[in-house]
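Biologist: I would like to learn how to read a model like this one. Could you take me through it, one feature after another?

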Amino acid sequence: MIYHSAVFYPDGRDELMPLVSPIGNEEPIRAAILPHMRLEGVAPFYRRVFASIPDGKRLIILLPLHRETLEKDRGMHIFQSPEATEETPLGLVRISGLGLPDGTPYEKEEYSKELFLPYIAYHNPSSLVHFLFIRITRGAQIKELSRILSPLSDDDTIFLISSNMTGRLPENDVGKATKASIDEILKGGHLMDQYQKGRLGACATPLIESVQAILGGRWELIGAKDDDRTSGHAAFIMR
C-alpha cells in the first residue's frame with residue numbers, strides 16, 4: 001500500500017519525472033545505502049544508484065524501523081511487505097515476500113519504502129522486490145538478519161539500505177555528527193560497537209553491518225548532503 005504520496009515525494013507523473021530521470025549507465029554494484037528524506041533533496045543519489053542496477057536484478061531493500069514494535073510482535077524484529085503489485089504514477093512494482101511476519105502496520109509510519117518505488121517502476125520494472133522492515137537493538141540480533149539474507153546473496157541480487165547518517169540534532173551538531181558516521185562506515189569493521197558507543201549515528205547501522213559482513217566488501221561514498229539543518233544524509237555503494 002501507498003500511504004505517503006504528496007508528502008515526501010510528488011504524486012503526479014509530471015512532477016516525479018524530473019526527479020527520477022535521466023538515469024544513465026554506471027558500473028554494476030552489489031549494495032548501496034541511500035538516505036530517507038524528502039525526495040527532492042536526495043533524488044540525485046537515487047538516480048546514481050539505480051544507474052548501477054540492471055533491470056531484472058532482484059532487489060532486497062532493508063528499511064530501519066524507527067519505533068518500537070507492536071505488542072503483538074513482541075520478540076520479533078524483521079518484517080516484510082506483503083506480496084503485491086504496487087501501482088505508481090510511473091508504472092508497476094512487483095513486491096514479493098520471504099515468508100516473514102507481516103510488516104503492513106509499519107508501512108503506515110515508515111515512508112522510506114515509498115521513496116524507492118518511482119525509481120523501480122521507471123528503471124527496474126522487471127525486477128522482483130523484497131521490502132524488509134527491521135528493528136535491531138543488539139549485536140546478537142544481527143546474526144538472525146544475516147541468516148535470512150545470506151542465502152539470498154548471489155550475482156542476481158542487489159541489497160539497498162535506507163539510512164540517514166544522524167537522527168534529529170541541533171543545527172550546530174549535524175555536520176560533525178554526519179562526518180563521524182561517514183568516517184566510521186568507510187572504515188568498516190564492527191559498526192554496531194561504534195553505534196552503541198555513540199560514535200556512529202546512522203539509523204540502519206545494524207543493517208549496514210550485516211550486508212557488509214555478507215558481501216565482504218567496503219563502502220564507497222558517492223555523495224553527502226550538508227544543507228539539512230536537523231539531520232545528516234549521505235549515500236554509499238559497494239561494488
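Modeller: Gladly, and let us begin with overall size. The radius of gyration is taken over C-alpha atoms, and the globule rule is 2.2 Å times the number of residues to the power 0.38. For 239 residues a compact globule would have a radius near 18 Å, and the chain agrees, with 17 Å. Its C-alpha trace spans about 45 × 40 × 35 Å along the principal axes.

Biologist: What should I keep in mind about the source?

Modeller: This is a predicted model, where local features need pLDDT of at least 70 and side-chain atom pairs count only at pLDDT 80 or more, while totals for chains, interfaces and linings use all residues. Residues are numbered from 1 along each chain as its sequence is written, and side-chain values use heavy atoms, leaving out hydrogens and water.

Biologist: What does the secondary structure of the chain come to?

Modeller: Helices (H or I, at least four residues) and strands (E, at least two) are DSSP runs, numbered from the N terminus. Here there are eight helices and nine strands.

Biologist: How many of the residues count as buried?

Modeller: Buried means under 20% relative accessible area, exposed over 50%, and partly exposed in between, with a 1.4 Å probe and protein chains only. In this chain, 53% of the 239 residues count as buried.

Biologist: Which residues touch the most other members in the largest nonpolar core?

Modeller: A nonpolar core is a set of buried Ala, Val, Leu, Ile, Met, Phe, Trp, Tyr and Cys residues joined through side-chain atoms within 4.5 Å. The largest one has 41 residues, and F50 and F116 touch the most other members. Helix α2 (residues 39-50) gives the most to this core, with seven residues. Another core, of 32 residues, lies apart from it and includes A31, I148, I208 and V211.

Biologist: With which residues is F116 in contact?

Modeller: Contact means heavy atoms within 4.5 Å. Leaving aside neighbours within four places in sequence, F116 is in contact with residues including L34, Y46, F50 and F131.

Biologist: Is R94 buried or partly exposed?

Modeller: R94, found in strand β5 (residues 91-95), counts as partly exposed because its relative accessibility is 39%. Its C-alpha atom is separated by 7.8 Å from that of E83, 11 residues apart along the chain.

Biologist: And where does G99 lie?

Modeller: G99 lies in the loop between β5 and α3 (104-107), and counts as exposed at 74% relative accessibility. The C-alpha atoms of G99 and E114 are separated by 21 Å, and the two are 15 residues apart along the chain.
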